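Hi,

Here is the structure I promised to pass on. Have a look at it first, and then read my notes below.

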Amino acid sequence: MELSALLLFAVALLISAGSPGPSIAALVARVLVRGWRDVLPFASAMWIGEIIWLTCAVAGLAALAESFHTVFMILKYCGVIFLGYLAWKMWTAPVDIKTDSPELPQETSNPCRMFLAGMAVTLGNPKIMVFYLALLPTIIDLNSITILGWAELTFTLLAILIFIDACYMLLAVRARLFLATPKAVSYTHLRA
């Protein structure tokens, strides 16, 4: 694959993935509640979901995905419902200010459930679908992609997504540390 096409893909992906959406919101919320370690299954599922979309576009399955629009909408709303359920559990969980992190129901920290939630959010995210199904063919000539070209795109995709998600996770970790300071805790109690 030509380096200019790969760079154009990288820049477009950086802009698209860097703008916050449902995936980033869920990622940041999870880091704020539990820390960065518990979010790794969720982030891994997001990256795998992005690779699935890329592979579908490269393999020419975009038309097939368009014909299953209803299935993806159902998947999207199932993901929304599941994330809403997790948010409700976190919101109603008892909070102990003296501990490092609040105690949450065990099912919210299940790595398998978090992986499935990350996959649902990614596969049902309309911004990701638009990028891979509509924008990618205008950036890359999908008819001339080889397996090596797909591997180059996949590596570029993973490098950019890991970089962006790591930046958001770092910001969320810093916010989490700030929110745990006595000054921040006392301020929130004064406002309540």
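Leaving aside its neighbours within four places in sequence, Ser23 is in contact with Phe42, Met46, Val121, Thr122, Asn125 and Ile128, where contact means heavy atoms within 4.5 Å. Ser23 sits in helix α2; helices here are DSSP runs of H or I with at least four residues, strands are runs of E with at least two, and both are numbered from the N terminus. At 7% relative accessibility, Ser23 counts as buried. That word stands for under 20% relative accessible area, with exposed being over 50% and partly exposed in between (1.4 Å probe, protein chains only). Thr122 is 99 residues away from Ser23 along the chain, yet their C-alpha atoms are separated by 6.6 Å.

Before I go on, a word on what you are looking at. This is a predicted model, so local features need pLDDT of at least 70 and side-chain atom pairs count only at pLDDT 80 or more, while totals for chains, interfaces and linings use all residues. Residues are numbered from 1 along each chain as its sequence is written, and side-chain values use heavy atoms, with hydrogens and water left out.

Now the overall picture. The protein chain has nine helices and zero strands. Of its 192 residues, 40% count as buried. Among contacts in the chain with a separation of 6 or more, 81% are between residues 24 or more positions apart.

Back to α2, which also holds Ala26. Ala26 is buried at 15% relative accessibility and, beyond its neighbours within four places in sequence, is in contact with Phe42 and Leu83. From Ala26 to Ala43 it is 17 residues in sequence and 9.8 Å in space, C-alpha to C-alpha.

What does α2 meet in α8? Ile24, Leu27, Val28, Val31, Leu32, Val33 and Arg34 in α2 meet Asp165, Tyr168, Met169, Ala172, Val173, Ala175 and Arg176 in α8. By class, that contact has 11 nonpolar, no polar and three charged residues. (Ala, Val, Leu, Ile, Met, Phe, Trp, Tyr, Cys and Pro count as nonpolar, Asp, Glu, Lys and Arg as charged, and the others, Gly among them, as polar.) The axes of α2 (residues 22-34) and α8 (residues 147-179) come within 9 Å and cross at roughly 35°; axes are lines fitted to C-alpha atoms, for helices over the stretch in contact, and angles run from 0 to 180 degrees between N-to-C directions.

Next, the aromatic rings. How many aromatic pairs does a search of the whole structure find? Two. Rings of Phe, Tyr and Trp (its six-membered ring) pair if their centres lie within 6.5 Å; planes under 30 degrees apart count as stacked, over 60 as edge-to-face and the rest as tilted. Phe9 and Phe131 make a tilted pair, at 6.2 Å centre to centre with 40° between the planes. Phe9 lies in helix α1 (residues 3-18) and Phe131 in helix α7 (residues 126-139), so this pair ties together parts that are 122 residues apart in sequence. Phe131 also pairs edge-to-face with Tyr132, at 5.0 Å centre to centre and 85° between the planes. Phe9 and Phe131 are both buried, and Phe131 and Tyr132 are both buried too. Ring pairs link Phe9, Phe131 and Tyr132 into a cluster.

Leaving aside neighbours within four places in sequence, Ser16 is in contact with Lys127 and Phe131.

One last stop is α3. At 1.5 Å a residue, the 19 residues of α3 (residues 40-58) should span 27 Å, and the end C-alpha atoms are 27 Å apart, which agrees; the expected span is 1.5 Å times one less than the number of residues. Just after α3, Gly60 takes a positive phi of about 80°.

Cheers
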